[in-house]
Amino acid sequence: MCCHHMKEGRLKEEQVMAALFLKMLTLQTIKTGNHCIRRCIGVYIVQKTPLSLIASAPRLSHLIHAKAFSTEDTHNDRKKSKKNETTFSNIGRKISERIIHVFDENGSDLGRMHRADVIRLMDERDLRLVKRNSSAEPPEYQLMTGSQIHEERLRLREKEKAAPAPGPTLTKELTFSSNIGQHDLDTKSKQIQQWIEKKYKVQITVKKGKNAEEPENKVEEIFDQILQTMPGIATFSSSPRPVKGGKAVLCVLRPLSKKEEIAYRETQGTQKGDPVNKENGNGRESDVLHQ
């Protein structure tokens, strides 16, 4: 009886163990099956997807980079184009417009011409083509010789140098006593002249000396002496006036304008020409007397 019960207990244990093993095997099979299914589906999708679609799908970062690079290039091209438009130079045979308005090397109006006719005229006369007005309709061009282009470039360069520097005019200040010696005054006059030539204004303050015997107009004479060292260069921006309760005199010198410089040179030329005319006149009179 005992043996029978022992056999039944072992049988139940074996059945339980078998059930657990079967359950574990079933779970492992399900996991393995899912993995296989995913692999099979993935291979199927890759095989069915056209290769051209995979190759042509760009990354977003590449698109953004390409757009930024393209914008920068366009901006640089615009800068170069604007710079080239303002530069006076021979454009050669690169005429972008089909019909243009042409002037010859003497400035005569040749009217509207086809670019092929213009190029033929350039070859016949050994001329260059320069853009005059790109905003006109049609654009205006001029035929010029090499020497004309060179002279025009020199003229434009001189014009740029002569143009006043942008921005407000700076002012230099100088203060000294009316008892200043002649050597020191000459040194200060040279310094003032250097500032004036650099287009500065110069504010000069001269303190009156304590010497009772000093002439009342000595300060004004100092200003006149300084100004006489710079003929055709400077003039008074503000006339001498007393400051600090009459203990000093202040004035401001400024560079001459272009118009004033021209007027000064014309005046000097007229003054120099008068003695010559008189001498010539006297010579003619003496010739008449001798005859």
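**Note on a predicted model: sheet, helices and cores**

1. Begin with one pair of residues. Asn 133 has Glu 140, in strand S4, as its bridge partner. S3 and S4 run antiparallel and share five bridges. Two strands count as paired if DSSP finds at least two bridges between them. Strands of a sheet pair through backbone hydrogen bonds, either parallel or antiparallel.

2. A word on the source. This is a predicted model, in which local features need pLDDT of at least 70, side-chain atom pairs count only at pLDDT 80 or more, and totals for chains, interfaces and linings use all residues. Residues are numbered from 1 along each chain as its sequence is written, and side-chain values use heavy atoms, with hydrogens and water left out.

3. The chain holds eight helices and eight strands. These are DSSP runs, numbered from the N terminus: helices are H or I with at least four residues, strands are E with at least two. Of the 291 residues, 20% count as buried. Buried means under 20% relative accessible area, exposed over 50%, and partly exposed in between, with a 1.4 Å probe and protein chains only.

4. Now the sheet around S3 and S4. Four strands form an open sheet in the order S2-S1-S4-S3, and the pairing is mixed. S2 and S3 stand at the edges with a single partner strand each, so one side of each has no neighbour in the sheet. From one strand to the next, the twist averages 35 degrees.

5. Two helices pack on this sheet. H4 touches S1, S2, S3 and S4, and its direction makes about 120 degrees with that of S2. Helix H5 (residues 146–162) touches S3 and S4, at about 115 degrees to the direction of S4. Such angles run from 0 to 180 degrees between N-to-C directions, with axes fitted to C-alpha atoms, for helices over the stretch in contact. Contact means heavy atoms within 4.5 Å.

6. Which residues of H4 are buried? In this helix (residues 115–125) they are Val 118, Ile 119, Leu 121 and Met 122. Seen down the axis, the buried residues fall within an arc of 160 degrees, so they line one face of the helix. The arc is that of the directions from the helix axis to the C-beta atoms. Just after H4, Asp 126 takes a positive phi of about 55 degrees.

7. Next, the largest nonpolar core. Of its 20 residues, Phe 176, Ile 192, Ile 204, Ile 226 and Leu 253 touch the most other members. A nonpolar core is a set of buried Ala, Val, Leu, Ile, Met, Phe, Trp, Tyr and Cys residues joined through side-chain atoms within 4.5 Å. Strand S5 (171–177), helix H6 (182–197), strand S6 (201–207), helix H7 (218–228) and strand S8 (248–255) each give two or more residues. H7 gives the most, with five. Apart from this core lies another, of 12 residues, including Ile 100 and Leu 121.

8. Beyond its neighbours within four places in sequence, Ile 192 contacts Leu 174, Val 202, Ile 204, Ile 226, Met 230 and Leu 253. Thr 205 sits in strand S6. At 8% relative accessibility, Thr 205 counts as buried. Among the residues Thr 205 touches are Leu 174, Phe 176 and Val 249.

9. Last, a hairpin. Strand S7 (residues 234–243) pairs with S8 in the antiparallel sense over seven bridges. Ala 234 has Pro 255, in S8, as its bridge partner. Four residues lie between the strands of this hairpin, and Lys 244 takes a positive phi near 55 degrees.
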